[in-house]
Amino acid sequence: MALFLIFLLLAAAPTRGTQGTLCKRRAKHSLPALSEDGDIILGGIFTVHLEAIQNPPSFTITPPESECRNFHLSSFRLVLTMIFAIEEINRNKNLLPNTTLGYKIYDDCSSSAVASKAALALVTSEEERMDFTECETSNVAAIVGCDISTSSIVVARTIGPFGIPMVSYYSTCSCLSDKQEYPTFFRTIPNDNYQSKLLAELVKTFGWTWIGTIRSNIDYGNFGMQEFVEQLRKAGVCIAYSESFYRTDPPEKISKIVQVIKQATTKVVVAFVDTGDMRILLQEISRQNVTGIQWIGSEGWITEQLLPPEESAKFLVGTIGVATPRTEIPRLRDFLLKVHPSKFGGSTLVKKFWENVFACNLTKQSKVAFRMRQCTRMEQLDGLENAFLPAIMDGSCYHVYKAVYAVAHALDDMLSCEEGNGPFINNTCAHISNFEPWQVGKRAQFILIRSF
């Protein structure tokens with residue numbers, strides 16, 4: 001038995017060639033991405049698609065990549081906001097002088113599994129094979145992301161042990177405030193305890209004492225609703241029903257929840273629901289023609305355009321909720337208007353964006369070409385008003401903008417550090433040309449506490 005175990009260990013050991021031990025990547029990935037090289041790279045993970053179709057592995061062939069569906073225009077605006085902020089910083093002679101920021105941005109397709117792949121892709125070298133003595137690490141200084149709290153939890157646990165900081169622009173779960181569990185996680189948006197308490201105050205202010213609740217069956221919805229219900233109990237408000245679901249649940253379950261809403265004696269419904277989930281629920285609300293509901297919404301969906309305007313007027317009239325303050329970033333709108341399929345290295349994400357906005361096809365040989373007109377590439381974004389270019393920007397772009405600048409200022413602090421007066425052990429400094437990601441996190445934490 002001992003001899004057999006020794007044989008197995010020897011068989012598993014890396015082979016040595018004339019150049020030493022070889023490192024080899026176990027698998028390739030084909031995640032949708034946008035990238036630009038630079039002296040220092042900022043990673044990004046965004047939810048550009050709202051659904052990932054993942055087939056169960058057969059264990060007979062290489063597992064196929066996830067198929068991403070339901071392109072989300074407002075999330076793609078957040079991607080471009082990150083790029084806009086980086087380009088703005090690179091033009092600023094007073095911030096990170098003589099240092100160029102680059103970026104590598106992935107789409108997690110609203111899947112924590114895909115987000116985990118994206119995180120690993122960001123923090124490992126791109127080399128396919130290399131000598132062990134020459135192994136290189138990624139030059140990603142920090143990650144901006146994720147959107148969904150569950151994805152942020154997965155990514156934070158993946159990269160946290162390596163000290164790599166991540167700054168989320170939208171993950172609001174109060175669970176992520178646990179610094180023992182997530183020491184390198186930061187965010188530029190308040191946690192859900194604040195909006196849970198505010199939603200409870202709304203209910204009390206309007207004198208509603210008998211309500212229904214709906215939540216996304218993910219960390220965002222579960223933790224947010226838990227705090228909300230606790231606040232209501234203190235005020236003596238009763239809950240008629242409490243339902244939870246996720247967008248991948250069977251249609252029958254969604255239909256049953258809508259039946260519960262329809263048959264309940266209360267018409268006041270508080271929905272602590274994610275954007276993708278709320279879209280599914282409202283589509284079923286529309287199908288069953290359930291009107292007269294007083295919706296109270298969390299920031300996860302309240303500002304989103306989830307139904308066509310005529311249906312919104314019928315099913316969502318009078319909806320109230322909480323949202324981050326609307327903030328216009330100077331020159332961002334002009335930057336968004338200049339997006340074109342010819343830019344960003346012909347990125348698949350940009351092409352999908354163009355096809356979604358103008359309902360046309362950029363690929364001549366596509367299987368769906370016969371159903372869609374061909375894009376001319378002369379289409380104009382100017383004059384459009386949709387989720388990508390709303391009349392008034394919501395606050396989400398500003399949260400991304402702040403996240404990028406927080407990392408940039410942390411890097412700049414390292415650049416201007418005086419030896420002997422630094423923040424690290426023995427008052428040492430970290431140098432911009434040779435630093436560890438955890439050192440960026442230490443400075444980013446100070447800046448976020450000080451500024452936001």
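The model is predicted, so local features need pLDDT of at least 70 and side-chain atom pairs count only at pLDDT 80 or more, while totals for chains, interfaces and linings use all residues. Residues are numbered from 1 along each chain as its sequence is written, and side-chain values use heavy atoms, with hydrogens and water left out. Helices (H or I, at least four residues) and strands (E, at least two) are DSSP runs, numbered from the N terminus.

Two strands pair if DSSP finds at least two bridges between them. Strands of a sheet pair through backbone hydrogen bonds, either parallel or antiparallel. Strands β3 and β7 pair in the antiparallel sense over 4 bridges. Here E36 stands opposite Y103 in β7. Contact means heavy atoms within 4.5 Å. Axes are lines fitted to C-alpha atoms, for helices over the stretch in contact, and angles run from 0 to 180 degrees between N-to-C directions.

Another open sheet has 5 strands in the order β13-β12-β14-β15-β16, with parallel pairing. Strands β13 (238-245) and β16 (320-321) stand at the edges. Each has a single partner strand, so one side of each is left without a neighbour in the sheet. Strand β14 (residues 268-272) runs parallel to β15 (residues 294-297), and 4 bridges join them. V268 stands opposite Q294 in β15. Helix α6 (residues 219-235) lies across β12 (210-216), β13 and β14, at about 160 degrees to β12. Helix α7 (residues 251-263) lies across β12, β13, β14 and β15. The angle between α7 and β13 is about 165 degrees.

Helix α5 (residues 192-205) has 14 residues. From its first C-alpha to its last it reaches 20 Å, close to the 20 Å expected at 1.5 Å a residue. The expected span is 1.5 Å times one less than the number of residues. In α5, D192, Q195, S196, L199, A200, L202 and V203 are buried. These residues cover an arc of only 155 degrees around the axis, which puts them on the same side of α5. The arc is that of the directions from the helix axis to the C-beta atoms. An α-helix has 3.6 residues a turn, so residues three or four places apart point the same way. On the other side of α5, Y194 and T205 are exposed. Buried means under 20% relative accessible area, exposed over 50%, and partly exposed in between (1.4 Å probe, protein chains only). The buried residues of α5 pack against β12, α6, β14, β15 and β16. At the start of α5, a side-chain oxygen of N191 reaches to within 2.8 Å of the backbone nitrogen of N193. Just after α5, G207 takes a positive phi of about 75 degrees.

At 46% relative accessibility, N70 is partly exposed. C109 is buried, with a relative accessible area of 0%. A cis peptide bond runs from G145 to C146, with omega near 0 degrees. C146 is in the loop between β9 (140-144) and α4 (149-159).

S74 is found in helix α2 (residues 73-91) and is buried at 7% relative accessibility. A polar contact of 3.1 Å joins the side chains of S74 and H72. Such a contact is a pair of N or O atoms within 3.5 Å; within protein, one must be able to donate a hydrogen and the other to accept it, and residues adjacent in sequence count only if both atoms are side-chain atoms. Not counting residues up to four places away in sequence, S74 touches E304 and A387.
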